[in-house]
Amino acid sequence: MLPAPLTMEVRRGAVAELGALLADSRVATSGRVAVAVGPGQGDHIERLIAPTLDQAEVFRVSDGSVEAAVSLGADLRKGAYEVVVGVGGGKTIDATKYAASLAGIPMVAVATNLSHDGICSPTASLTYEGGKGTFGVPMPLAILVDLDFVHNAPKSLVRAGIGDVVSNLSAIEDWQLGSVERGEPIDGLACSMSRTAAEALVGRSDGIESDAFLTVLAESLILSGMSMVVAGSSRPASGGDHEILHAVDQLFPGTSNHGELAGIGAAFCFFLREDAARVAQVVDCLRRHELPVVPADIGLTGEQFADVVALAPSTRPGRYTILEHLRMQDSEIRDRVGDYVRAFGS
């Protein structure tokens with residue numbers, strides 16, 4: 001059976017209507033509700049929700065770290081809350097998802113940004129002392145996306161969500177490759193959901209200034225997250241493209257954000273597949289939305305990116321992608337990176 005959120009709403013003013021959602025007896029019955037907000041717009045969000053959530057207790061999530069999530073989880077356990085609402089960008093929502101799983105209560109996601117597909121995914125990406133890790137968590141019980149907040153978010157972060165969704169196209173190719181070469185089972189519904197999310201965006205001519213585009217972007221990110229729930233893993237939305245981004249995070253932390261790196265990773269993986277039509281389509285999409293395409297766009301040299309590609313397969317042991325399939329030696333990696341840069345560098 002298909003798991004899905006009880007409610008999914010994308011529109012302006014969604015945060016102010018949070019109280020109506022929480023009045024649904026399927027979400028909360030006694031009114032013991034906690035709200036987690038991030039450091040950026042926490043005060044503004046608290047003022048907005050106060051009139052409709054007079055019984056809710058508001059907690060501040062300092063960052064997207066394991067430590068912050070564990071601290072919030074402890075507070076939630078002590079308070080015996082029925083549900084926690086995470087309001088904010090990707091870091092706040094991921095920390096709240098993990099905290100909710102530790103406390104054993106459902107979580108409602110209210111997204112104020114569209115930087116990656118964590119809005120609805122069954123994973124939480126959190127930082128810790130040794131780097132960054134991905135943790136399995138339940139999918140949010142309900143999802144709201146407030147376009148008023150999205151319009152006010154940093155444009156680079158909103159555009160980043162486009163890169164994360166478009167990378168689904170590469171991830172699906174890798175999953176199919178794993179099926180052919182390794183006999184890995186494929187979930188057709190998960191593939192369909194993931195591919196549909198990406199295809200809905202990749203050819204659009206409008207951009208993040210448009211409510212219509214942002215609605216499709218939000219729905220695509222949610223659909224991408226649901227595809228992972230259906231698959232029981234991140235396979236439909238994470239392949240060699242995400243191995244590359246995880247390697248960048250390990251070797252050159254702070255270089256760029258998740259979605260931007262996923263976009264570059266997808267374009268490079270299609271280049272390795274020698275799929276000229278698809279790589280051109282992906283690169284055109286990235287450029288149209290002012291997303292990085294080549295290593296220099298994120299401040300890396302060709303040599304540094306070659307080191308990233310060499311490390312990438314080790315970031316997801318057991319996952320079979322175009323990177324594992326080609327088994328390139330260091331010299332070949334440098335040559336292919338050089339070819340890619342010459343083909344698509346400005």
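**Entry 1: the cavity**

I looked up the largest cavity first, and its volume comes out at about 60 Å³. This is a predicted model, where local features need pLDDT of at least 70 and side-chain atom pairs count only at pLDDT 80 or more, while totals for chains, interfaces and linings use all residues. I number residues from 1 along each chain as its sequence is written, and side-chain values use heavy atoms, with hydrogens and water left out.

My note on the term: on a 1 Å grid over the protein atoms alone, a cavity is a set of points where a 1.4 Å probe fits but cannot get out, and lining residues have an atom within 4 Å of a point. The volume is the space filled by probe spheres set on the points, which are joined across faces, edges and corners.

How many cavities of 30 Å³ or more does the whole structure have? My search found one.

I then listed its lining: Gly-88, Gly-89, Gly-90, Ile-93, Asp-94, Ala-111, Asn-113, Leu-114, Ser-115, His-116, Gly-118 and Ile-119. Helix α4 (residues 90–103) gives the most to this lining, with three residues. I sorted the lining into four nonpolar, seven polar and one charged. Here Ala, Val, Leu, Ile, Met, Phe, Trp, Tyr, Cys and Pro count as nonpolar, Asp, Glu, Lys and Arg as charged, and the others, Gly among them, as polar.

Is Thr-92 buried or exposed? I get 8% relative accessibility, so Thr-92 counts as buried (under 20% relative accessible area, using a 1.4 Å probe and protein chains only). Beyond its neighbours within four places in sequence, Thr-92 is in contact (heavy atoms within 4.5 Å) with Ala-36, Val-37, Gly-38, Val-61 and Val-87.

Next I checked Val-158, in helix α6 (residues 155–166). Val-158 is buried too, with a relative accessible area of 2%. Leaving out neighbours within four places in sequence, its contacts include Asn-113 and Leu-114, and both of those turned up in the cavity lining. I also found 9.9 Å between the C-alpha atoms of Val-158 and Ala-218, which are 60 residues apart along the chain.

**Entry 2: a helix crossing**

Last, I looked at α10 (residues 240–251) and α13 (residues 302–311), whose axes come within 8 Å and cross at roughly 115°. From α10, the contact uses Ile-244, Ala-247, Val-248, Gln-250 and Leu-251, and from α13, Phe-305, Asp-307, Val-308 and Leu-311. By class I noted seven nonpolar, one polar and one charged.

Notes. Axes fitted to C-alpha atoms, helices over the stretch in contact; angles between N-to-C directions. Helix = DSSP H or I, 4+ residues; strand = E, 2+ residues; numbered from the N terminus. 1 Å grid on protein atoms, 1.4 Å probe; cavity = no way out; pocket = protein on both sides within 12 Å on 5 of 7 lines; lining within 4 Å. Buried < 20%, exposed > 50% of the residue type's maximum accessible area, 1.4 Å probe, protein only.
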